[in-house]
Protein chains: 2
Amino acid sequence: MTKSVFYHAGCPVCVSAEQDIINLIGADNVEVVHVGKTRDRIEEAEKAGVQSVPALVTPNGNVLHINFGASMADVKG
Amino acid sequence: MTKSVFYHAGCPVCVSAEQDIINLIGADNVEVVHVGKTRDRIEEAEKAGVQSVPALVTPNGNVLHINFGASMADVKG
């Protein structure tokens, strides 16, 4: 894995953080995944250690939970 | 302000996040401030909107609270 992955659920907190992250590390360096729409990637996010969104999983596998939009339980509904 | 500022307090969560942020955006693009040691910058951090550390203040002034190490109240002790 060479790109970071930014998981979000479309919430205002998520969208704001997404813009900040893209500005900071560049759109080419991050894959943006909307787990509210792309629900088959929820499991992947949870396995990576994502507990809430927005969250950034770094290329070395660390999870950075950024601010707080929604818990993964909320995303799964 | 053209650099981001990463505020932390030396906690393990902070140090881990600091390495991730430096890897992601580059050491030249972020000023690292240890508010536990550089206590005269606590007020600046609070004015920027930092509520807990580690936190990254972006060049446009947004605050990204990353994971959770300690509240600013704890830092002020």
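User: Taking a disulfide as a pair of cysteine sulfur atoms within 2.5 Å, how many does the structure hold over all chains?

Analyst: This is a predicted model, where local features need pLDDT of at least 70, side-chain atom pairs count only at pLDDT 80 or more, and totals for chains, interfaces and linings use all residues. Residues are numbered from 1 along each chain as its sequence is written, chains are lettered from A and ligands numbered from 1 in the order written, and side-chain values use heavy atoms, without hydrogens and water. One link joins A:Cys11 to A:Cys14, and another joins B:Cys11 to B:Cys14. The total over all chains is two disulfides.

User: Is A:Cys14 buried or exposed?

Analyst: Buried means under 20% relative accessible area, exposed over 50%, partly exposed in between (1.4 Å probe, protein chains only). A:Cys14 has 0% relative accessibility, so A:Cys14 counts as buried.

User: Which hand has the disulfide of B:Cys11 and B:Cys14?

Analyst: Their S to S distance is 2.3 Å. The torsion about the S-S bond is about 60°, so this disulfide is right-handed.

User: Which element gives the largest share of the side of chain A that touches chain B?

Analyst: Contact means heavy atoms within 4.5 Å, and chain A puts in 18 residues. Helices (H or I, at least four residues) and strands (E, at least two) are DSSP runs, numbered from the N terminus. Helix H1 (12-25) and strand S4 (63-71) of chain A each supply at least two residues of that side. The largest share, seven residues, comes from H1(A).

Methods
A disulfide is a pair of cysteine sulfur atoms within 2.5 Å.
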